[in-house]
Amino acid sequence: MVTMVKSKTARHLALEALHRIETKGEFAKRAIEDAFDNPLSPEDKSLVMEIVYGVLRHRRKLDWIIEAQAERDIETIDPFVRNNLRMGAYQILFLDRIPEWAAVDESVELVHRILRTKVYGHAGVAGFVNAILRNIIRNKEGISYPSIEDDPVLHISVSYSHPEWLVRRWVKRFGIDETISLCKSNNEIPPLTLRTNSLLISREELLYALREEVEDAEASNLSPYSIRIKGFPHITELKSYKKGYFQIQDEGAQLIAPMLDPKKGERILDACAGPGGKSTHIAEIMGNNGEITALDIDDRRLRLLRENIERLGIKIIKVLKADATEDISHLGKFERILVDAPCSDLGVLRRHPEGKWRKKEGMIKEFQRIQSAILKSVSSLLKQGGKMVYCTCSTEPEEGEHVIESFLKENPDFYLDDPSSNLTAGVMNKGFLRVYPHIHGTDGFFAAKIGSI
């Protein structure tokens with residue numbers, strides 16, 4: 001007799017993804033992509049994404065509620081069990097379209113499924129999960145949260161699911177109301193934003209082409225290249241993507257290349273190129289005329305960079321594996337340099353909510369050290385009269401304003417340039433570019449333009 005092996009359900013795959021994200025440090029995007037290797041309907045794929053990202057966005061609040069019902073610290077619960085409880089609680093509290101009884105039954109069934117593989121626990125786990133989730137249903141209208149009057153940091157941390165150390169920093173800098181607004185924005189699903197490849201098509205032409213493939217497409221305000229779309233989750237399957245008509249890029253990131261103001265025929269260095277969003281944008285602005293040297297130390301990012309260069313029809317980018325903190329003087333001099341420095345990524349938490357639960361305050365100072373080292377290294381390659389843009393996707397001044405202020409103090413042959421003529425009004429603050437999710441609807445970005453005397 002042949003025993004049929006049941007295929008994994010969407011919830012089972014979501015649980016496995018959450019477990020790997022928490023215990024193995026995987027990125028949510030990669031864990032979800034691995035889940036999609038299983039046979040799933042479009043509806044089930046959407047459910048996996050909804051549950052995984054939903055739990056990550058609201059994890060602190062979910063943990064507070066689970067702890068209250070379990071009367072024990074969430075960290076004392078087995079990782080598989082606690083992520084199963086988080087999933088069940090998220091469906092009960094945040095997903096109206098899923099009946100409460102179904103969320104409980106599916107969570108209990110997951111226990112039975114995984115117990116059969118001897119992954120965790122004992123038979124009593126099913127009863128524990130059932131009891132906690134049913135208590136949440138019974139008590140959800142009377143859940144008690146920390147008082148904003150007595151402890152505003154704890155209140156915001158729990159109610160809006162952000163780590164206390166980060167909330168404390170933001171309350172000190174922004175105040176209570178703006179911190180709440182920023183946390184709310186980080187918990188929203190970010191827009192899918194495209195950058196028009198001006199080498200191949202105009203934004204108006206791309207809008208026309210996209211409207212035949214997606215539910216909705218509209219031009220954005222901050223960047224003249226930007227389009228926001230809805231209704232097509234698998235963006236790389238679009239004909240216009242395969243033809244190289246656009247690059248996926250947040251609208252805030254699209255402000256950086258125009259700030260550098262590259263000219264045709266110039267020699268330009270992108271010192272930390274990553275997958276090439278900004279390198280390729282620079283090449284498009286230059287009309288594929290000039291020379292761009294794009295550096296990175298990560299093989300995976302370099303592979304993505306080469307793929308994007310080919311798809312977008314870029315001809316002027318030379319890709320090199322190199323560490324910008326080390327001696328790269330053999331590369332020669334450049335008219336313009338972009339330093340998109342490695343950072344804490346605290347400006348992109350709405351896209352990578354798992355980052356809220358991994359990052360520690362001490363990493364900010366460590367990244368500041370690396371950022372300063374890169375600036376010191378590459379600034380020697382800037383020609384006299386040349387321009388350099390430094391940027392990070394961080395909300396924190398230690399990785400932005402403080403780095404630039406320290407660099408200028410130590411290097412009198414450089415000055416803070418005014419980039420405002422190439423930027424939309426409303427993004428400049430004391431000579432620096434600053435955009436935030438809750439104000440501009442973009443990822444959080446800092447940038448400064450520096451000139452060489």
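Predicted model: local features only at pLDDT ≥ 70, side-chain atom pairs only at ≥ 80, totals over all residues.
Which exposed residues does the face of α17 turned away from its buried side carry? That face carries Lys-409 and Glu-410.

**Helix α17 and its surroundings**

- Helix α17 spans residues 401-410, and its buried residues are Glu-401, Val-403, Ile-404 and Phe-407.
- Viewed down the axis of α17, these buried residues fall within an arc of 165°, so they line one face of the helix.
- The cover over the buried residues of α17 includes helix α16 (362-379) together with the strands β9 (382-392), β10 (414-416), β12 and β13 (445-452).
- On the face turned away from the buried side, Lys-409 and Glu-410 are exposed.

**Arg-434 in strand β12**

- Arg-434 belongs to strand β12, which comprises residues 432-435.
- With a relative accessible area of 4%, Arg-434 counts as buried, because the cut-off for that class is under 20%.
- The side chain of Arg-434 forms a polar contact of 3.0 Å with the side chain of Glu-401, a residue listed among the buried positions of α17.
- The side chain of Arg-434 also reaches the backbone oxygen of Ser-394, at 2.8 Å.
- When neighbours within four places in sequence are left aside, the contacts of Arg-434 include Thr-395, Glu-396, Pro-397 and Gly-400.
- Val-427, Asn-429, His-440, Phe-445 and Phe-446 are also among the contacts of Arg-434.

**The open sheet of four strands**

- Four strands form an open sheet in the order β2-β3-β1-β4, and their pairing is antiparallel.
- Leu-194 is placed opposite Ile-227 of β3.
- Helix α15 (residues 299-312) lies across β1 and β4, and its direction makes an angle of about 155° with β4.

**The parallel pair β5 and β6**

- Strands β5 and β6 run parallel and are joined by four bridges.
- Arg-267 has Glu-291 in β6 as its bridge partner.
- Strand β6 covers residues 291-296 and is mostly covered, with five of its six residues buried.

**Packing of helices α3 and α5**

- Two packed helices are described by the angle between their axes and the distance between the axes.
- For α3 (residues 42-57) and α5, the angle is about 100° and the axes are 10 Å apart.
- Helices α3 and α5 are therefore roughly perpendicular to each other, since angles of 65 to 115 degrees fall in that class.
- From α3, the residues Glu-50, Ile-51, Gly-54 and Val-55 meet Arg-86, Met-87, Tyr-90 and Gln-91 of α5.

**Positive phi values outside glycine**

- Glu-71 is not a glycine, yet its phi is positive, near 55°.
- Glu-71 is located in the loop between α4 (59-70) and α5 (79-94), and its relative accessibility of 72% makes it exposed.
- Asp-261 likewise has a positive phi, of about 55°, without being a glycine.
- The loop that holds Asp-261 lies between α13 (256-260) and β5 (267-270), and Asp-261 is partly exposed at 22% relative accessibility.

- Lys-278 is part of helix α14 (residues 277-285), and at 11% relative accessibility Lys-278 counts as buried.
- Not counting residues up to four places away in sequence, Lys-278 touches several residues, among them Gln-249, Ala-253, Ile-256 and Ala-257.
- Asp-270, Leu-338, Asp-340, Cys-391 and Phe-445 are also among the residues touched by Lys-278.
- His-112 sits in helix α6 (residues 100-116) and is partly exposed, with a relative accessible area of 35%.
- The C-alpha atoms of His-112 and Ala-126 are 7.0 Å apart in space, while the two residues are 14 residues apart in sequence.

Note on methods: Residues numbered from 1 in each chain as written. Heavy atoms only, no water. Helix = DSSP H or I, 4+ residues; strand = E, 2+ residues; numbered from the N terminus. Buried < 20%, exposed > 50% of the residue type's maximum accessible area, 1.4 Å probe, protein only. Polar contact = N/O pair within 3.5 Å; in protein donor to acceptor, adjacent residues only side chain to side chain. Contact = heavy atoms within 4.5 Å. Pairing = 2+ DSSP bridges. Axes fitted to C-alpha atoms, helices over the stretch in contact; angles between N-to-C directions. Arc of directions from axis to C-beta. Parallel < 35°, antiparallel > 145°, perpendicular 65-115°, else oblique.
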